Amino acid sequence: MSLKSLRHQGVRITPQREVILDYLIQVDTHPTVEMIKEGIEHKLPNLSVATIYNTLKLLVDKNLVIELPNNDGGIRYDFFGVPHFHAICENCGKITDIFSTDYAEMMKVLRKEAVEKSGYLISGTQLEFTGLCPECQLKLGKSVSTKSK
């Protein structure tokens, strides 16, 4: 699906691009560039970090991958073939995908409102929820039920 989308947009599919995109499709860890390099090293041992960055920029520009800010100021990457929301832990930085059958309709409504209220020509949207993941809730002695009190 995603390789077809790239071809349809006139993008040449190189072995490096294919391996990087396949890796992003397979993992759910929202990897950094360093994690991607480590994850594909067995397939492309001599691949430069610059090639990874250039490929990621292309995939972001073609709306197949999105950039997610990391707690330390870095960037994590996520395959966005199936649009979804994210929940990001404010304590450990874990990012969790939230898939919703109503995603398209919700984003359509929010986008329309954003255009009406801002006058912006909107080129993209990304919605994130922040809070504490279940593991950090346990560590910190908090929970969903007590958090709202």
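A: Helix α3 spans residues 33–40, and its buried residues are Val 33, Ile 36 and Ile 40. Buried means under 20% relative accessible area, with exposed over 50% and partly exposed in between (1.4 Å probe, protein chains only). Helices (H or I, at least four residues) and strands (E, at least two) are DSSP runs, numbered from the N terminus. Seen down the axis of α3, the buried residues fall within an arc of 60°, so they line one face of the helix. The arc is taken over directions from the helix axis to the C-beta atoms. An α-helix has 3.6 residues a turn, so residues three or four places apart point the same way. The cover over the buried residues of α3 includes α2 (15–26), α4 (49–61) and β2 (75–79).

The model is predicted: local features need pLDDT of at least 70, side-chain atom pairs count only at pLDDT 80 or more, and totals for chains, interfaces and linings use all residues. Residues are numbered from 1 along each chain as its sequence is written, and side-chain values use heavy atoms, without hydrogens or water.

Now the hairpin. Strands β3 (residues 85–89) and β4 (residues 95–98) pair in the antiparallel sense over 4 bridges; pairing takes at least two DSSP bridges. His 86 has Asp 97 in β4 as its bridge partner. Between β3 and β4 lie 5 residues, and Gly 93 in the turn has a positive phi of about 85°.

Last, the cysteines. The whole structure has 0 disulfides, a disulfide being a pair of cysteine sulfur atoms within 2.5 Å. Cys 89 is buried at 2% relative accessibility. Its closest cysteine sulfur, in Cys 136, is 3.7 Å away, too far for a bond. Cys 136 is in no disulfide either, with the sulfur of Cys 133 nearest at 3.6 Å. Cys 136 is buried, at 1% relative accessible area.

How values were computed. Contact = heavy atoms within 4.5 Å.
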